[in-house]
Amino acid sequence: MVMPSLKLQDLIEEIRGAKTQAQEREVIQKECAHIRASFRDGDPLHRHTQLAKLLYVHMLGYPAHFGQMECLKLIASPRFSDKRVGYLGAMLLLDERQDAHLLITNSIKNDLSQGIQPVQALALCTLSTMGSAEMCRDLATEVEKLLLQPSPYVRKKAVLTAVHMIRKVPELSSIFLPPCTQLLQERHHGILLGTITLITELCERNPAALGHFRKVVPQLVQILRTLVTSGYSTEHSISGISDPFLQVQILRLLRILGRNHEESSETMNDLLAQVATNTETNRNAGNAVLFETVLTIMDIRSAAGLRVLAVNILGRFLLNNDKNIRYVALTSLLRLVQSDHSAVQRHRPTVVECLQDPDASLSRRALELCLALVNNSNVRAMMQELQGFLESCPHDLRADCASGILLAAERFAPTKRWHIDTILRVLTTAGSHVRDDAVASLIQLIGEAQELHAYSVCRLYSALKQDISQQPLVQVAAWCIGEYGDLLVEGNCEETEPLQVEEEEVLMLLEKVLQSHLSLPATRGYALTALMKLSTRFHGDNKHIRQVVSIYGSCQDVELQQRAVEYNTLFRKYDHMRAAILEKMPLMDRGQPQADEEAAESREPQTSAAAPVPAEPQASKLLDLLDLLDGPSEEAQCPPLLDPSPGGTLVHLLDQPCVSPPLDPIPNLKVFEREGVQLNLSFARPPGIPALLLITATASNSSAGDVTHFVCQAAVPKSLQLQLQAPSGDTVLAQGGLPITQLLRILNPNKAPLRLKLRLTYSHFGQSVQEIFEVNNLPMETWQ
C-alpha cells in the first residue's frame with residue numbers, strides 16, 4: 001500500500017520527531033519519492049506545495065537539484081502563489097554556476113514589465129540574489145525604469161537590485177548615474193539608504209562617477225545635518241539617534257568623495273565637527289556614528305583642529321567599558337600615530353593602562369600602539385612601562401614585546417649604558433623569546449663601548465650566577481667573560497658595591513654552564529671558547545681549563561668535539577701561539593661590516609676569476625644524459641663556467657642576477673610539440689657581450705590535461721659553457737594556462753656552431769613522458 005504524500009507541516013513535525021538520523025533519512029527519502037512522482041505526473045495544482053516541501057528538505061542539507069526545472073515552471077505560471085514559491089526555489093536551488101539559471105531571464109523580464117507590484121518585488125529579489133553577469137546585462141534597462149516608479153516599495157527593491165548589478169558588472173555604471181541624483185530627493189528612509197549605498201558602489205568602481213557625485217556633496221551634507229539637528233523620522237530613531245544606519249552610510253560616502261579633494265573636504269568640515277560634538281555616546285548607536293565620523297575625518301583633507309578632535313574621540317573610546325569599542329579605538333589610533341603623533345601622545349597614559357587588560361587582543365593592540373608612541377623624549381618612561389609589562393605578559397605576547405623593546409631601544413637609546421641595561425633586562429626576563437640577532441647585537445654594542453667593558457662584564461656575571469636558563473643571556477655573558485674576564489677579576493667595575501670575584505669562581509661557573517642540561521649546543525660552544533680565552537686572561541695555572549677542554553674532545557656533539565680537539569692541539573703543539581690567537585676581539589663599527597661587504601662586492605669581478613659559479617639546486621645540475629653531443633657521459637657534464645684562461649672574465653657575467661636585457665632581432669624557434677605540449681626557444685644577446693647568449697625556454701600547454709613534474713635539461717658541446725637557471729615552476733595548467741619559463745646562459749667565446757641537446761620529462765594524462773632530442777637548426781645569429 002502506497003503511503004499518501006504528507007503536507008508541509010506534517011513533514012516538518014515528522015522530521016523533527018525522528019529520534020535517529022536513520023529515521024530522518026528514511027522519512028525524507030520516502031517523501032522525496034512522492035515529490036518526484038508528483039513532478040512526473042505534472043500536477044499543476046499541487047506543484048508549489050511539493051516544491052515547498054523540497055525546499056525544506058534542501059535547507060536540511062539533502063539533495064534537491066531535481067526540483068530546478070519545477071522552479072522555472074512555477075515562475076512562468078500566472079498564479080501568484082506559484083510565482084512566490086517558484087522565485088523562492090530559484091533563489092535557493094539555482095546559481096550562476098549552472099546554465100539553468102539563464103532560463104528564467106525572460107520570465108523575470110516579463111514580470112518586471114507587468115506592473116504588478118508583488119510580482120515585480122519577487123522578480124527583483126530573485127535578480128538581486130542570484131543574478132549572474134549575463135542576466136544583469138540583459139535586465140539592466142528594466143531595473144533602471146523601475147528606479148523612478150511611483151511605488152516606494154518597488155523603488156526600494158530596484159535600488160538594491162541596482163547595487164547587485166554594479167557589483168557584478170561595473171561597466172553598467174553609466175545606466176544608473178542619472179536616476180541617482182533624482183533619488184537623493186527622496187524622503188523615504190529605505191529608498192534614501194539604498195540610494196546612498198548605490199552611489200557608494202558607483203564611486204568605488206568608476207572614477208567618472210566619483211567626479212559626478214562630488215557635485216552633490218552639499219546635498220549630502222544637508223541631509224546629514226538635518227538628521228543630526230532636527231531628526232529625520234521618529235520611527236527610525238534608535239536610542240535617541242535619528243537614523244544611525246543612514247548617518248553611517250552618508251559618512252562613508254562623504255569619506256570616499258572627500259578623499260584627496262580639497263573643495264569637497266572643506267564643504268564637509270563644519271558638518272563633521274557638528275556631528276562629532278552633538279552625537280550622544282551613551283548608546284552603541286551613537287558610538288557607531290562617532291567612529292564613522294572619525295574615519296571620515298582621518299581620510300579626507302580635514303583641518304588640523306578637526307583631526308585633534310577625532311583623536312580625542314578615540315581617547316574617550318579607550319575609557320569605554322565595551323571591549324570592542326576599546327579595540328576599535330586602539331586600532332584607529334595606531335593608524336593615526338604616524339600623521340598625528342603629538343595628538344595621540346596626549347592619550348599615552350590611557351594606552352599604557354590598556355596593556356594590563358585581561359583580553360589578549362586588546363593587550364596586543366595596546367602593545368603595538370605603545371611601541372609606536374616611543375620617541376626620544378619618552379623612551380625612558382615607555383621602556384620602563386614596557387619592561388614591567390614584559391615580566392607579567394602572556395607567553396604568546398613575550399616575543400613581540402621583547403622584539404619591540406629591543407628595536408625601540410636601538411633606535412632611541414639616550415646612552416650606551418642605558419641601552420646595555422635595557423637589553424640585559426630583556427634577556428634576563430624573556431631571553432628565550434628574543435629575536436635571533438639579539439645576541440649578536442648586544443655583543444657588538446658591548447664591543448663598541450670600550451669604556452663600559454668592565455661594567456658590562458660585571459653585570460653579565462651577576463646575571464649569569466642568578467640564572468643560567470635564559471640561553472641568549474648565557475651566550476652573551478660567556479662571550480663577555482671570555483673577552484674581558486681580566487677586568488672582572490680586577491674588581492674595577494662601576495658598581496655601588498665593588499664585586500670581588502676569584503678566578504676559580506669564574507671557571508666553575510662556565511663549567512656549570514657546560515654541564516647544564518638546559519644549555520644548547522651553541523651555548524656550550526660559547527662557554528668552551530670563553531674558557532679557552534680565559535687561559536690567556538687569567539694568571540693562574542691552566543690545568544683546570546685543560547682538563548675541561550680535554551673532556552669535550554670525545555663529546556657526541558660534532559661541533560663541540562671539533563672545538564675541543566682543536567683547543568687541545570693548541571695547548572700541546574702551538575702553546576707559544578696561543579696568546580696571539582686568543583687575544584681580544586678588535587673594536588668594530590656598526591657600519592664596517594656593510595662597508596666591507598660592499599667593497600667585497602665591488603672587488604668580486606676581479607678577484608673571483610678562479611672560483612666556480614655556484615650551482616643552483618635543481619636547474620644548473622645537469623643529469624647524466626647518455627651519449628650527448630661530443631662523446632661519453634663524462635664529457636657531457638657541464639665544464640667549470642669560470643676558466644682562468646684569457647678572455648675568461650666574460651664568464652663572470654653568468655654569475656650576475658638575471659635581468660631583462662634588450663632583445664636582439666633573433667627569430668624564435670619551436671623545438672618540441674606533442675599532444676598540445678610545446679617548447680619554444682627565444683634568444684637574446686646582452687649589449688656589448690657578443691660571446692654570451694641568453695635562451696628562454698617556454699613550455700606551454702593547450703591540451704585539456706595539466707602537465708605536472710615538468711623538467712627540462714640541456715647539454716652543449718664541451719667547447720661551450722652552459723648554465724641553467726631555476727625554472728618558474730613544474731606545472732603547466734591545461735587550456736593555455738600560465739607557461740613555464742627557464743633561462744639558459746651559453747658562453748661561446750670561439751663562436752663555434754651551436755648545437756643543443758634537450759631532455760624533457762613530465763607527466764601528462766596520468767602517463768610519464770620522456771623525450772630526448774637534438775636541436776641542430778638554431779639560427780646562425782645565435783652563434784655568429
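Tutor: Buried means under 20% relative accessible area, exposed means over 50%, and partly exposed lies in between, using a 1.4 Å probe and protein chains only. C136 counts as buried because its relative accessibility is 0%. This is a predicted model: local features need pLDDT of at least 70, side-chain atom pairs count only at pLDDT 80 or more, and totals for chains, interfaces and linings use all residues. Residues are numbered from 1 along each chain as its sequence is written, and side-chain values use heavy atoms, with hydrogens and water left out.

Student: How many disulfides does the rule give?
Tutor: A disulfide is a pair of cysteine sulfur atoms within 2.5 Å. The count here is 0. Take C180: the nearest cysteine sulfur belongs to C203, 8.9 Å away. C180 is buried, at 0% relative accessible area.

Student: Which residues touch the most other members of the largest nonpolar core?
Tutor: In soluble globular proteins, nonpolar side chains tend to be buried together. A nonpolar core is a set of buried Ala, Val, Leu, Ile, Met, Phe, Trp, Tyr and Cys residues joined through side-chain atoms within 4.5 Å. The largest core has 175 residues, and M165, F213 and L254 touch the most other members. Helix α27 (residues 471-490) gives this core its largest share, 10 residues. Helices are DSSP runs of H or I, at least four residues, numbered from the N terminus. A second, separate core has 35 residues, including F672 and L778.

Student: What is M165 in contact with?
Tutor: Contact means heavy atoms within 4.5 Å. Leaving aside neighbours within four places in sequence, M165 is in contact with residues including L127, C136 and F176.

Student: How many salt bridges does a search of the whole structure find?
Tutor: Side chains of opposite charge can pair when their charged atoms come close. A salt bridge is a side-chain nitrogen of Lys or Arg within 4 Å of a carboxyl oxygen of Asp or Glu. The search finds 32. In one of them, K73 pairs with E70, with the closest N and O atoms 3.6 Å apart. Both lie in helix α4 (residues 68-76), 3 residues apart, about one turn of the helix. K73 is partly exposed at 42%, whereas E70 is buried at 6%.

Student: Which pair links distant parts of the chain?
Tutor: R255 and D299 meet in a salt bridge at 3.7 Å, N to O. R255 is in helix α14 (residues 244-258) and D299 in helix α16 (residues 284-299), 44 residues apart. Both belong to a network of salt bridges that also includes R252, R259, E292 and R335.

Terms used: Helix = DSSP H or I, 4+ residues; strand = E, 2+ residues; numbered from the N terminus.
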